[in-house]
Amino acid sequence: MKNLFSILCALLVGCAAAPKGDNAVEESTTGHGGKVVGAVGGAGAGAAMGYSSAGLLCTIGGPLCLIVVVPAAIIGGVVGLAAGGVVDAVSAGPRPQGGPPPGDTSAPPGG
């Protein structure tokens with residue numbers, strides 16, 4: 001289990017974005033970094049909590065331990081994914097409009 005925790009920590013650290021240059025212009029303001037970090041972190045936390053609460057089942061080992069750990073990891077991943085989606089939506093901010101609204105092209109009255 002310690003190896004799994006080490007792998008999850010390495011994934012979380014590796015998902016951090018590298019700093020960009022001063023003249024870099026992003027065309028899109030949307031990203032998926034919060035979803036990725038949330039899902040991986042939630043799954044890791046869920047698996048750790050499931051493993052710690054399984055107690056004797058994980059001491060015996062085998063499928064008895066997985067019956068508790070895998071669903072906890074799945075639920076933790078889903079919750080983390082939802083929270084990461086909220087973080088992505090809030091951090092993206094409002095999307096810019098395409099331009100000014102079109103002018104009135106109808107014929108003038110009486111014309």
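**A nonpolar patch and the helix beside it**

Modeller: In this predicted model, Leu56, Leu57, Ile60, Leu64 and Ile67 make up a nonpolar patch on the surface, and their accessible area together is about 490 Å². Helices α3 and α4 each contribute at least two residues to the patch, with α3 giving the largest share, 3 residues. Ile67 lies in helix α4. Because its relative accessible area is 56%, above the 50% cut-off, Ile67 counts as exposed.

Helix α4 itself covers residues 63–92, a run of 30 residues. From its first C-alpha to its last, α4 reaches 42 Å, which is close to the 44 Å expected at 1.5 Å a residue. The buried residues of α4 are Cys65, Val69, Ala73, Gly76, Gly77, Gly80, Gly84 and Asp88. These buried residues pack against α2 (33–54) and α3 (56–60). After α4 comes Gly93, with a positive phi near 75 degrees.

Cys65, one of the buried residues of α4, also takes part in a disulfide with Cys58. The sulfur atoms of Cys58 and Cys65 are 2.0 Å apart, and the link is right-handed, with 75 degrees about the S-S bond. Both Cys58 and Cys65 are buried. A search of the whole structure finds 1 disulfide.

Taken together, α4 carries the exposed Ile67 as well as a set of buried residues that pack against α2 and α3.

Notes:
Residues are numbered from 1 along each chain as its sequence is written. This is a predicted model: local features need pLDDT of at least 70, side-chain atom pairs count only at pLDDT 80 or more; totals for chains, interfaces and linings use all residues. Side-chain values use heavy atoms; hydrogens and water are left out. A disulfide is a pair of cysteine sulfur atoms within 2.5 Å. Buried means under 20% relative accessible area, exposed over 50%, partly exposed in between (1.4 Å probe, protein chains only). Helices (H or I, at least four residues) and strands (E, at least two) are DSSP runs, numbered from the N terminus. The expected span of a helix is 1.5 Å times one less than its number of residues. Contact means heavy atoms within 4.5 Å. Patches are made of residues with over 30% relative accessible area and no salt bridge: like charges are joined within 9 Å, nonpolar side chains (Val, Leu, Ile, Met, Phe, Trp, Tyr) within 5 Å. Accessible areas come from the Shrake-Rupley method with a 1.4 Å probe; for residues, only the protein chains shown count as cover. A salt bridge is a side-chain nitrogen of Lys or Arg within 4 Å of a carboxyl oxygen of Asp or Glu.
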